[in-house]
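Dear colleague,

I am passing on the structure we spoke about, with the sequence alongside it. Please look through it first, and then read the notes below, which set out what was found.

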Amino acid sequence: MQLSGAQALIKSLEQQGVDTIFGLPGGAILPVYDPLIDSSIRHILVRHEQGAGHMAEGYALATGRPGVAMVTSGPGATNIVTPIGNAHMDSTPLVVVTGQVASAAIGTDAFQECDITGITMGITKHNFLVKSAQEIPRAVAAAFHLATTGRPGPVLIDVPKDITQSTMDWWYPTTVDEYDLPGYRPEVALDQQAVERAVALINAAERPVLYVGGGTLKSRASKELLAFAERTKIPVVTTLMARGAFPDSHEQHLGMPGMHGMYSAVTAIQKCDLLISLGARFDDRVTGKIPAFAPHAKVIHVDIDRAEFNKVRFADVAVQSSVAPVLRAWDAASATPHNLDVWWKEIRSWQEQYPLVYDEPLADGPLRPQHVIEAIGAKAEPGTIVSAGVGQHQMWASQFWKFEEPGTWINSGGAGTMGFGVPAAIGAKVGRPDRTVWCIDGDGCFQMTAQELVTARSEGIPIKVAILNNAYLGMVRQWQEMFYDERYSEVYLSADLPDYVKWAEAMGCVGLRATNSKQMHEVIDEANSINDVPVVIDFRTDSSEKVFPMVAAGASNDDIQVHPLQRGGAK
Amino acid sequence: MTPPEPFLGVVDHTPVRHHILSVLVENKAGVLARIAGLFARRGFNIYSLAVAPAESNARFSRVTIVVDAESAPLEQIVGQLDKLVNVVAITDISPKDALERELLLATIQTDVDNRTSLLDIIASAGAAIVDVDAKSVTVMLAATPGNCDELEKALEGFSDVELHRTGRVALPRLGKTAHAY
């Protein structure tokens, strides 16, 4: 069967089971948009290529399936660099197809030419410049294989226009050998000796902690984690990337560690004698000052990527594997620490002394951002998916939302990409149309990518956006208040400009506003009653609110600052 | 205040804790850029790098990289390198087990006054004269990096020298094996 390169590309994506492409056409990718008309694949036409990338990420994080984005060459390609970098930092499986100028024009500074494989070399797991139409199926199959196996990540396929316009004899690789990846071996046999040495450390532990990272979600190990944790009674912390991997309602869950982590989670790590890292990478936002991090702990480091071992922290035992098989092996070996009653007693005392708190809500406003998140959470049906941008609102969402299952928390962790929330929520809703999707956003973040609500409205993707509008770039403001003597530099945004309600309405969404507690409850109820169009709520929040607990950048986790209400020993 | 001096480069003697990585890569466009980019963005130092088609297989090339194991733990360098999809195999030879050789080519301007001393230097280094005319001599030395260093130093006294070195390649000494990752 003879196909054009463009037809082969679409057919290859269909072959991979792709149901949705997020994209925006342009010159170099034009040939591929023609066979798309006849394809079963749904295309979501975004308003900016960055939106396509973040939507694909949201889709991937909510479904566990790779997200797919397609854009044109030059500026189309560079506009999607931020999502690619974001997916790289968070190990999110993504396949990005970029158009490229015709082969003969490459290297001539042609119109809308850019070296996107060169640009993305350091922020993709791998990328391809396709050299012939006959190679398209292989490139697509290999891209999906790379994106989804081992440590997942973004893969880019750059396809010159003459390649999509030329013809090929249709074929599709059926075995991994045909992917032509002689240097790629994602499967590693489980090192039984390492497993046994880990079991010995667990058996010897008196104050262990399970430090659960995003890799636990990526390896779909939540069930195994629950079983192992319940059998061993070991306390669990879930990083920002792992929220939802272990139920927040579980009594063994201490919450999130790190810079804005729960006091008990941070302190348990500091005091533990064994830190069991499951798909976590000792990020600086978790460790704080590295020499002072978990100073008494031996470390078991489980990761599919061996380059993570000893990168930041020495691992007494390193187990190269995805998380689930290791937990099963430890269960099979009945790894069991000492009686943890004393350890738990200590942990419970920290939990009692330093729970998450915030200032009393004021009836007449301004609203407490934490209160808004709790109110939305209280009225949300189970399984609701939450996305966030980056900043204070993201930390509060992670702290005050109760995550009970995997795939319900969509956020930008490693890269910290402002503007991630709205497009990621749209992607999540496309992937999980059965679920309610809330985006908890900040006013600064919202302004970066809000135009994608036009996409949401026109494509019938009814997400709900809660803007915690404090009129500031709040996290930067917080740092300037705490570390720059309250010298506020370029952080004020205004609560009224833009008018978020009018803006929402202009984009075909329902726009609502709440300035006090009564209105807050009313607009949340109203938003929950609307299921056909996107809803945007402008919550007017207190700009002086800060995120606590906090470990200052570069400080030891022992120097965690609790909420002012809790200072001086008071609760 | 005087502005800081621009960076003019430094004579980079082989680091004491160097390792020789022999990296088999797919012979695809951009592979070298991937390796160089990785070293640059992770802050790993390359002392020398030599690339050539691999033995009897046009599909692969062999890259011999002398890395500074002071700049980053070898485990990190190898672990990150191995994640490059086009990297097929990595072996590491520690300096004490390595048979290292490098090629040096140098063209020296010469006249009646210094020709004899130049020929002495060439002879004592075990170098070969590969080209010669009335005013100049081109010599070649295939030897250990240390011997190449010595010849380079000995030629410093000559006023007009053009000297190129390839960077080293290495194999394990007989009876020793490279560590395969």
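Where domain 1 of chain B meets domain 2 of chain B, eight residues of domain 1 are in contact with six residues of domain 2. Please bear in mind throughout that this is a predicted model. On the side of domain 1 of chain B that touches domain 2 of chain B, at least two residues each are supplied by β1 (18–26), β2 (46–53) and β3 (60–68) of chain B, and it is β2(B) that gives the most, with three residues.

As for chain B as a whole, its C-alpha trace spans about 60 × 55 × 35 Å along the principal axes, and 28% of its 181 residues count as buried. The chain contains four helices and ten strands, which follow one another from the N terminus in the order β-α-β-β-α-β-β-α-β-β-α-β-β-β. Among the contacts in chain B with a separation of 6 or more, 74% are accounted for by residues 24 or more positions apart.

Turning to the contact between the chains, chain A contributes 14 residues and chain B contributes 16 residues. The side of chain A that touches chain B is made up of six nonpolar, six polar and two charged residues.

The last topic is the nonpolar cores. The largest of them holds 205 residues, of which A:Ala143, A:Val212, A:Ala466 and A:Ile537 touch the most other members. Helix α7 (residues 136–148) of chain A provides the largest share of this core, namely nine residues.

With best regards

Methods:
Residues are numbered from 1 along each chain as its sequence is written. Chains are lettered from A and ligands numbered from 1 in the order in which they are written. This is a predicted model: local features need pLDDT of at least 70, side-chain atom pairs count only at pLDDT 80 or more; totals for chains, interfaces and linings use all residues. A nonpolar core is a set of buried Ala, Val, Leu, Ile, Met, Phe, Trp, Tyr and Cys residues joined through C-beta atoms within 7 Å. A residue is buried if 20 or more other C-beta atoms lie within 10 Å of its own, exposed if 12 or fewer, and partly exposed in between; C-beta atoms are placed from the backbone. Two residues are in contact if their C-beta atoms, placed from the backbone, lie within 7 Å. Ala, Val, Leu, Ile, Met, Phe, Trp, Tyr, Cys and Pro count as nonpolar, Asp, Glu, Lys and Arg as charged, and the others, Gly among them, as polar.
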